[in-house]
Amino acid sequence: MAISRFTLARPVQLAALQPAAGMIPKAAEAPPPPVDEIVVVGSQIRGAKTTGALPVSVVGKEDIAAMGAVSANDLFRTLPQASDMTFNEQTLGGGSPNAARGDVASVSLRGLEQGNTLVLLNGRRMVLHPTSQTSNGTPVLTYNVNAVPVGGLERVEVLRDGAAALYGSDAVAGVVNNVLSTDYTGLSLDATYGGAEGTGMREFQFNGKYGSDFSGGRGNISLMANFTRRTALEVGDQDYTATNDLRSFVEGTAFEGNTAFDTRSTSSSWGAFRTQNGLAVRSNGTLVTSAAGVFHIQPQTNAGCQINLSTAPGICIDDGVITGAADRNLRADNSASFPDITVTPSTTRFNVFSFINYELSDSVKFFSELGYYRAKSKGYTTPGTLLATTPITISSSAYWNPFGAVGSVNRLPGIDAPAEGLNLTTVNLSIRDAGMRQVNVTNQQFRLLGGLKGEMGNWDWESAALYSEATVKDSGDAISNSLLQAAINRTTADAYNPFSGGDPSNPSGLDTTPSAQSTIDSFIVTSTRRNKTTLALWDAKVSNAQLIDLWGAPIGIAAGIEFRRETYKDDRDALQDGSTPFVDSVTGVSYSSDLLGASYRPDIYGKRTVFSAYAELAVPVFTPEMEIPMFHALEFQLAGRYEHYSDVGDVAKPKLAGFWDLLDGIRLRGSISGGFRAPNLEVINTPVSEGVNSRTDYVQCEADLRAGRISSFSGCTRSFAVQQRRDGNSELKPEESTSWSLGAVLTPPLPGGLGKVTLTVDRWRIKQKSSVGILSDATEIALDYLARVNGSSNPNVVRAAATADDIARYAGTGITPTGDILYVDSRYENLLPLDVQGIDFGFNYASPTTPAGRFTLSFNASKLIKYYQSASAQVQSLLDAIAGGEINGAIGVTGAADLVRQDGHPRWRYSGTLTWYKGPVQVGLFTQYIGSVEQSTVFDANANPYVVDSQLTGNLYVQYTLKKDGLGGTTSIQLGARNFTNERPPLATSGYLASLYQPQRRYWYATIRKSF
């Protein structure tokens, strides 16, 4: 007996499946496939029915083609059960070389952060994307679904239920299985061209697929290829991204004038500087700097000019740093100044896969898979900015130094600076005359798989070996601190001038007095970061859907083992990883990173091996053949999985699921399971790295308050650039979770000729504990504040010894004098518990064929009921201290909170489709709703949070199919528009929330398909 072709789990009843939200049902002309061809994720027992107990969505290839989705990013955004896509090409990285950039997209279910949804390709794991994205201060690794060729998908299976007991780590919120056409015969070609209205973004995609049987039908070879080219979407293309100052968009509302909508950069061409040793400088007896020797450059039209500069027209020196309202016009509007900055980069993507299947005998089959993905992206980001913790010293002999030696060309007249001049250090400066920085990212993935499968009596068996690797090369324009300092400290007129300011008539705009291009070119370098992940896997599994009969109902069983080896490598540029430090040529002080604006990041390498074993039972209690009233069918699934990690120890988790058919067409279903996610290799293996943030030193504020220097904490000005040192933790344990779901599936019989209807509802909950995180430097400083008012200290906050000034500051306050913060030590830990709950609804209807045609209707919705983030023990101790009056409540510590409708967690998401078929014509309408959310840090004068409005969009397409054209085969032409009502993304302080919404408005496309 020849073995049948199968992919991953087992066939299921059609009534148990729910089409994915927003997907277009298959054309009426296509006959439905036999039930035993549908194979979905959720069980390892081929031939059992246990997946009827689980909420599964299946998206077919015709559905995907009808949507016109060019990438997986387009596809997975339509799922109401998917959470905000924080890992995507719009929100990542930007000007920072420390985050993933390029052609990347992720999928995450149930509102959990990235990395809690397992992504499979043809039933086996994909390799992780090699660059991380920070979530709550912690680097997260996940899967790049853009590496999946959408044009080659046979279907996508979405299990919206915890499945760690079957599939292992990461399957906390569910599993997404991408199934490619691995056994194809014929030739299919299609091309799509489209673009976003009113922008320069255009996309072209070509897909080709060829397959042929050989050896009399015993073998098959299938090939597929995808090519996509997309031009960039630029900030200047749309008004809500064309400026960083969006205050005009909220005029006439309660948020009019709210500075949260002004996200112009505080680092601009109008630099701030400090004199050597903080020496105050006077001109003719009047202070030019502050008493601490600080000054900044500004237009002469701004208030507070102390002395005019002759190095550029219309500018002057004002004492002190750039302040809030008075100097707000000195902020840099990078989007308005550089309209070519990219929202989404230009991208060229190429995928190719080949599959060979061959029946070695009637009971043994060989299968193989070879895949390659490559994407090159080019984008432009903002100009480089100096870090306050890596200042550059400007020599007293520098040509443009206004406090240079007596007789120097640009020394200000009448100043009392020493005759030999003063060295200066940068406090705040953006090198805007160097322009935008180009970023080039090349992503690659390679996948090779080979295996055997077959049958032995009632047993199915399968074993395969897989090797996959992913690489990223991220290179871009950067500035070397060493070379910039050398250019500034030249003694000739070709020196770089950091004191030229910007345009006095448009201070937020471009620098109209740039240094010579040859000078700028002298400090521009190319920074390159290379990352790599690998996955080597071998598995063996067996299943038997008819192990033994129980009351005439067969018990099914599956079992398997898996070995895998994972590696992670992050190779930073030599200018950032400490190999080539920045040594200040004036002071001799050494800084680990020589990249302007980039903190020190060491190279990272980690590896692990994992051994897994699982078992599963399908136990039918009642079957339809028994004809028992109210027990048309009752079946349970019992599963368990054990995994041993070479670095984080052992974990084992169970699962119990079941369904109960009261009558034919009325099904109740439910499941309860344990889940886990292993800490990623970056948080375990990271050597000490550095980051810089502006933080308030609360204990200094307390001293000022007790000494009467301020009347409240709101008047405290003790804010400084603080270095946070982050360290990996080899003692981390897997994050653990418990999840359950209860639901119903109704397929009531309709009167003859009225079609078929399915209704589903599923209530679910996921409780996660020991999530890997890191205490923020602000929290550590607050804990130090609490400790010091009680006579001790927080050892993670490392301070300088108290100076005479410090001793005087703390005198009479009852607090032991201490110095300024040098750095904060932090370590990744198992921290916060999380409780997420929701409910899903589904409705699907298919009409019969009538003279007027046939139509299908679907509606799918997801409501987020609860998203409760508990406080860590450390944060709770601060809250208790505030409540007890030990420390001031103005430090801004927040405790446990329900985050529903906060930022990226809308309460409601739904989508629906209506499709009409009439002969060769097909018309489809798709609509999607995303509920409103509050921006948790933006309030009006009455303390009401800003609400980012909900959005309702619609897609529309028309398709015409010629069954037999002059060339033979079938030809179809589709014309469509996404967001055909031209809705703009709802306004947020950053323009729009990229994790929830697509940036472009109406998008037109045309597709032609040809199959033979």
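This is a predicted model: local features need pLDDT of at least 70, side-chain atom pairs count only at pLDDT 80 or more; totals for chains, interfaces and linings use all residues.
Is C316 buried or exposed, and what is its relative accessible area? C316 is buried, at 0%.

**View 1. Six strands line up in an open sheet.** Reading across, you meet β19, β20, β18, β15, β25 and then β24, and the pairing is antiparallel. The edge spots go to β19 (305–308) and β24 (393–394); each has a single partner strand, so one of its sides has no neighbour in the sheet. If you're new to sheets: strands pair through backbone hydrogen bonds, either parallel or antiparallel.

**View 2. Strand β15 runs antiparallel to strand β25.** Here residues 272–275 (β15) are joined to residues 424–428 (β25) by four bridges. Look for A272, which sits opposite N428 of β25.

**View 3. C305 and C316 are joined by a disulfide.** Their sulfurs are 1.9 Å apart. A disulfide is a covalent bond between the sulfur atoms of two cysteines. C305 belongs to strand β19 and C316 to strand β20 (residues 315–319), so the bond ties together parts that are 11 residues apart in sequence. The S-S torsion is about -60°, so this disulfide is left-handed. C305 is partly exposed at 29% relative accessibility, whereas C316 is buried at 0%.

**View 4. C701 and C716 make up another disulfide.** Again, the S to S distance is 1.9 Å. C701 lies in helix α8 (residues 698–706), while C716 is in the loop between α8 and β37 (719–727), 15 residues apart. With a torsion of about -75° around the S-S bond, this disulfide is left-handed. C701 is buried at 1%, and C716 counts as buried at 16%.

Methods:
Residues are numbered from 1 along each chain as its sequence is written. Side-chain values use heavy atoms; hydrogens and water are left out. Two strands pair if DSSP finds at least two bridges between them. Helices (H or I, at least four residues) and strands (E, at least two) are DSSP runs, numbered from the N terminus. A disulfide is a pair of cysteine sulfur atoms within 2.5 Å. Buried means under 20% relative accessible area, exposed over 50%, partly exposed in between (1.4 Å probe, protein chains only).
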